[in-house]
Amino acid sequence: MFWKFDLHTTSHIDTLLEKEDVTLTEVMDEDDVLQECKAQNHKLVDFLLRPQCMEDLVTFITQEPSTDVEEKVKYKYPNISCELLTSDVSQINDRLGEDEKLLMKLYGFLQNEPPLNPLLASFFSKVLSILIGRKPEQIVDFLRKREDFVDLMIKHIGTSAIMDLLLRMLTCIEPQQLRQDVLNWLNEEKVIQRLVDMVQPSQDEDRHSNASQSLCEIIRLSRDQMFQVQGCSEPDPLLATLEKQETVEQLLSNIFDKEKNESAIVSVIQILLTLFETRRPAFEGHMECPPGMSHPSFSVNHSILEAVRPRLKDFHQLLLEPPKKNVMKTTWGVLDPPVGNTRLNVVRLVASLLQSNTHSINTELINLNTLEVILDMYFKYIWNNFLHIQVEICTAMILAMPPAPTDVQPDTEQEHARESILIKHLFQKCQFIQRIVDAWSSNEKEQAEGGRRRGYMGHLTRIANSIVHNCDKGPNGPQIQQLISELPAEDREKWEAFISGQLADTNKRNTVDLAFSDYQMQQMTSNFIEQFGFNDEEFADQDDVVDIPFDRISDINFSLNTNESANIALFEARCKEKIQQFEDAGSDEEDIWDEKDVTFAPEAQRRPSSGSTDSEESTDSEEEDGKRDPFEVSNPSTDDRMEVDTGWSLPETAWSASPAANSETGWADFSNFTPVSPKDPLRCNSPVAMETSIETMDPLGVNAPIQPEGEISKAEEETTSCEQRSITETVINGSMKETVSLTVDAKTETAVFKRFAKHIHTKTHYIAVLDD
């Protein structure tokens, strides 16, 4: 290994630190200063721990660099200082966390006027975050003594690094009791109310966005913590404050009681959507209720719904009169006005409210006719798929959800007690069925005239399928069937013709087109995050864990769900016509697989061969090959010899013995065989033979020179002896004439396969030999 050669060189920093007047900047100019610090070079660490050096490091990350410095090296020292302070060296952490003078110098960065330098703010946040993680008690105690800490954090919330620092205080403090103390302290400082005040039209967009994101993360982190820590008896005070009705009312008042501001409206809706989250779905539109839906952290607080319900009319008005937007020109036309972020988020909010399935919310939406306005937007903005998916989610939930509990009236009959007022409104007031059929017909007419298929057709197909599915199997099936039967006769006939014709054809086409796509999308291996980093399997016997990366292959469905019955029937019919079955009880032909005695014809019965084999004389018929025994002696009338090229000579030394001397064995005597001279034009197809000695023996005569055409050697006569059987086949393929020969030796149980090919026009000859 390379470490055996002792290539390690002494760092120049050690030499530099031996100077008495060395400065911090000189050390920071060294390229390997960070590497040496993380390796805890004793000389370097001792140098950095000097009071003046620590103070200079903190100064670099908290004060603006001089304007006289060149721009490309302006933040060189602040960056290196931040890396040195966050290198996670325990001595540096101890000195910085226990020296209050250094902490005050670091804290002074927050006392600057906004806006803060974003790069220096990131350095400050990184240093303070690692101190919170390594010295939580000391840092929390220090910050709690600063009365203006929360005020300064809220003041600079428009800087993303400060927002990250606030969230770090909620996640990086490990002792549970200390974390609970921090939550109580921040709640007493009214951090939630102060963040809510940041989301109003008078503030800039950066404050809107960061304050909204901070509140959303606090909600998610608090709920996750409550779900993970089952033994925690104290509730999260920040989450409890956020879920209060007065807090939500204050949020809504900020955006509706003042001028309309799209940034503020969208930020408030984002907070409401997070409050309505019952569970983070694996993908948007996930409709299945998780098993733990009844857990308190997965339920929507009733006070939130009560705060939103009186403001539904204001959200409805935003759909009709959104904040003023400029005309948007697109590749297919002009949008006046465009959908806008405000209306898109209002539709998302309506979808979340419908998921809560609350009677008072459903009634208010029906009275406002909000669902019809949303459907109008769906069919108007034909290319906005962000809008289409939200409308699809709304309709799917209305069709699939059981009626709200308060929909059941004790004095009504049982058949009317389970009716959903939303479904009734959707089918009667909104004319849901008629609008689907009309939109489909309009799209087909437009396509027939050469137009483009509308962008909402895929979602419209899924909406129509949802109606059909819930009509047959859903909890509201009887009500949907009743509402469809009450449609005018003409509309009902159009709907029935649509689902049996156009919709069925579309589903069939989609199934065939998407079958292979679904097959490709199957997961073969574990998720990357499951295999990331070190795990116990890496240190186990690899023979035992060889299948770990492919542990999901057994779950893959390798079948394609397509209708192939017609193709299968046609394929089987052709097979019966062309392929002869092996097990044919009625056939009188000989079974080539039956065991039988092998008899050899006397040598005298075999005639000498002469001439070359032609394709017309070969038995290349499938029927003759199937009937003939492959080990049967060749028909004397069949010329089974191979063409040979001229210019080759065969040494006759091995065959000089008289036939009588070898009549008992049928084999030639190679005792007096003379090796081929290196000067002879011997050609070999085997790369092994070409690389080995030229005097290598070739007992089968594979690489021996071939005699000229028309001449018959003794070797060829001897190879047709009674212990050998030969089959020859000639095939012409275009300009190529190819002859193959199989010679089987029964005594040694060996077979020699020879392949002879030549171009008809060029007379080029090749010989390939395969010895099994």
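1. Ground rules. Residues are numbered from 1 along each chain as its sequence is written, and side-chain values use heavy atoms, with hydrogens and water left out. As this is a predicted model, local features need pLDDT of at least 70 and side-chain atom pairs count only at pLDDT 80 or more, while totals for chains, interfaces and linings use all residues.

2. Cysteines. As a reminder, a disulfide is a covalent bond between the sulfur atoms of two cysteines. Cys-37 is buried, at a relative accessible area of 0%, and Cys-394 is buried too, at 3%. The cut-offs here are under 20% relative accessible area for buried, over 50% for exposed, and partly exposed in between, using a 1.4 Å probe and protein chains only.

3. Arg-311. Have a look at the loop between α19 (302-308) and α20 (312-320), where Arg-311 sits. Helices are DSSP runs of H or I with at least four residues, strands are runs of E with at least two, and both are numbered from the N terminus. With a relative accessible area of 19%, Arg-311 counts as buried.

4. What does Arg-311 touch? Leaving aside residues up to four places away in sequence, Arg-311 touches Leu-252, Ser-253, Phe-256 and Asp-257, where contact means heavy atoms within 4.5 Å. With Asp-257 there is also a polar contact, side chain to side chain, at 3.4 Å. That term covers a pair of N or O atoms within 3.5 Å; within protein, one must be able to donate a hydrogen and the other to accept it, and residues adjacent in sequence count only if both atoms are side-chain atoms.

5. Cis peptide bonds. Going from Pro-114 to Pro-115, the peptide bond is cis, with omega near 0°; Pro-115 is in the loop between α8 (100-107) and α9 (118-134). The bond from Asp-336 to Pro-337 is also cis, with omega near -5°. You'll find Pro-337 in the loop between β2 (334-335) and α21 (340-356).

6. Positive phi. Gln-40 isn't a glycine, yet its phi is positive, at about 55°. This residue belongs to the loop between α3 (33-38) and α4 (42-48), and Gln-40 is partly exposed, at 36% relative accessibility. Asn-369, another non-glycine, has a positive phi near 60° and falls in the loop between α22 (359-368) and α23 (370-380).
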